[in-house]
Amino acid sequence: MTLLALRPPRPRRSTPFTLSFFLTFLINEQPFLGLYVLAAGAVPPLLAGETGTLSWWLGAGTAAVTAGGLLVLAVRARTARPRLTAALRQALGPSAVVQRRRRGPWPIVRLMVLPLISYRFDVRRVANLRYGDAGRGHLLDVYAPRAGAANAPVLVYLHGGGFRIGSKMIGARPLLYRLAGRGWVCVSANYRLGGRLDYADRLADVRQVVRWVRDNGAAYGADPSAVFLAGGSAGAHLAATTALTAGGAPGQPDGEETGPPVAGVIGLYGYYGQADAGADSTPLAHLHPDAPPFLVVHGALDTLVLVEDARHFASELGRVSTQPVVYAELPGTQHNFDFFPSLRFHAVIDAVEDFTAWVRSGDAAGPTHRDAAPSRREDDPGGHP
């Protein structure tokens, strides 16, 4: 699995299923966990076996190669930060990236000791609040500072799953807890799933979530006028289309008023193609000059949604929109990279904080959108198409 994670075979088109994804996405984000499993499984037999035999050397060699591959995965994850920094500076200007103080070794130590834990003691989660009448499909969770918040910005996260599976409990937990720990109010929402629903039904659910935040967010210390939509995979699709059709924007499919436009959109490993037979079931059908700022982050080794598709969406949106489109293509990165705390996602969360801070500041002095959305490929560090 380690060798497959280093260079998975890529399909010719975006697909809802590849075996290489399911075998590699966890180990790609959690190489430290892989090292622990390797040590637990390989070291005792090697210590108990007779050294110098053919089987012992085969076992030792396999363990050494696997450990080396896992270390390469850990080192490769560190390439995300410079790519994100370059994308933010190109689209928003040099001042968009915060020069953070050194935080010491704590993030790496936490990832090594608690590789799957996102929970923070300074954040409270209010679970299973109802925003509609469709059972589990209309539930949401609120993450808020335990000490309380006032006029806090809001992040609404929509999970992935190909519009058929998924849950508000899966995806972006490190992001939700980090932002809530920094004073945000975060919402993770379910929406209706299954093959019998049209895309418009799911889009209506997301709009209903936004309305719920506007009507009820103040009770949790939220500023309903500062709402950012975020999502992974299919959730990024819904977030993008909702933002592009908000407030009676051009191309709105059903004419429904959704109130003030959202402040910005964060799309993580997003699918932006057609969701069903309807020609307007893609955010590409709703591009317009007044679109909000976008941050689009995608993995160069994504085996479910091809990076070329995300690159095309960012390019087309940047060509039309008068607002910045930040596009970051991360080397060695698979689908679902927001599921667990990792070195890579730690850098992505920093980029989300920088992007949202720039949007909230109202600073429009950076380069225009036509300088944004650089095309970066795994084999092209310079970003040339």
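This report describes the fold, the helix and sheet packing, and selected residues of a predicted protein model.

## Basis of the model

The structure is a predicted model, in which local features need pLDDT of at least 70 and side-chain atom pairs count only at pLDDT 80 or more, while totals for chains, interfaces and linings use all residues. Residues are numbered from 1 along each chain as its sequence is written, and side-chain values use heavy atoms, with hydrogens and water left out.

## Overall composition

The protein contains 11 helices and eight strands; helices (H or I, at least four residues) and strands (E, at least two) are DSSP runs, numbered from the N terminus. Of its 385 residues, 53% are buried, where buried means under 20% relative accessible area, exposed over 50%, and partly exposed in between (1.4 Å probe, protein chains only).

The accessible surface is about 16,600 Å², and carbon and sulfur atoms supply 59% of it; these areas come from the Shrake-Rupley method with a 1.4 Å probe, and for residues only the protein chains shown count as cover. Among contacts with a separation of 6 or more, 78% join residues 24 or more positions apart, a contact being heavy atoms within 4.5 Å.

## The sheet and its helices

Eight strands make an open sheet of mixed pairing, ordered β1-β2-β4-β3-β5-β6-β7-β8. Two strands pair if DSSP finds at least two bridges between them. At the edges lie β1 (123–130) and β8 (325–330), each of which pairs on one side only. From one strand to the next, the twist averages 20°. Strands β5 (residues 222–232) and β6 (residues 264–268) pair in the parallel sense over five bridges, and Ala230 has Ile266 in β6 as its bridge partner.

Helix α7 (residues 173–181) packs on this sheet and touches β1, β2 (139–145), β3 (152–158) and β4 (185–189); its direction makes about 40° with that of β2. Helix α11 lies across β3, β5, β6, β7 (294–299) and β8, and runs at about 165° to β6. Axes here are lines fitted to C-alpha atoms, for helices over the stretch in contact, and angles run from 0 to 180 degrees between N-to-C directions.

Helix α4 (residues 54–77) has 24 residues and reaches 35 Å from its first C-alpha to its last, close to the expected 34 Å; the expected span is 1.5 Å times one less than the number of residues. Its buried residues include Trp56, Leu70, Leu73 and Arg76. Their cover includes α1 (2–6), α2 (19–29), α3 (31–48), α5 (80–92) and α11 (343–361).

In α2, the buried residues are Ser20, Phe21, Thr24, Phe25, Ile27, Asn28 and Glu29. The cover of these residues includes α1, α3, α4 and α11.

## Aromatic pairs

The structure holds 16 aromatic pairs. Rings of Phe, Tyr and Trp (its six-membered ring) pair if their centres lie within 6.5 Å; planes under 30 degrees apart count as stacked, over 60 as edge-to-face and the rest as tilted. Phe25 and Phe339 form an edge-to-face pair, with 5.9 Å centre to centre and 90° between the planes. This pair joins helix α2 to the loop between β8 and α11, across 314 residues.

Phe25 counts as buried because its relative accessibility is 14%, whereas Phe339, at 24%, counts as partly exposed. Ring pairs link Phe21, Phe22, Phe25, Phe339 and Phe340 into a cluster.

## Val97

Val97 lies in the loop between α5 and α6 (106–113) and counts as buried because its relative accessibility is 11%. Not counting residues up to four places away in sequence, Val97 touches Thr85, Leu88, Arg89 and Asp354. Its C-alpha atom is separated by 8.1 Å from that of Phe355, 258 residues apart along the chain.
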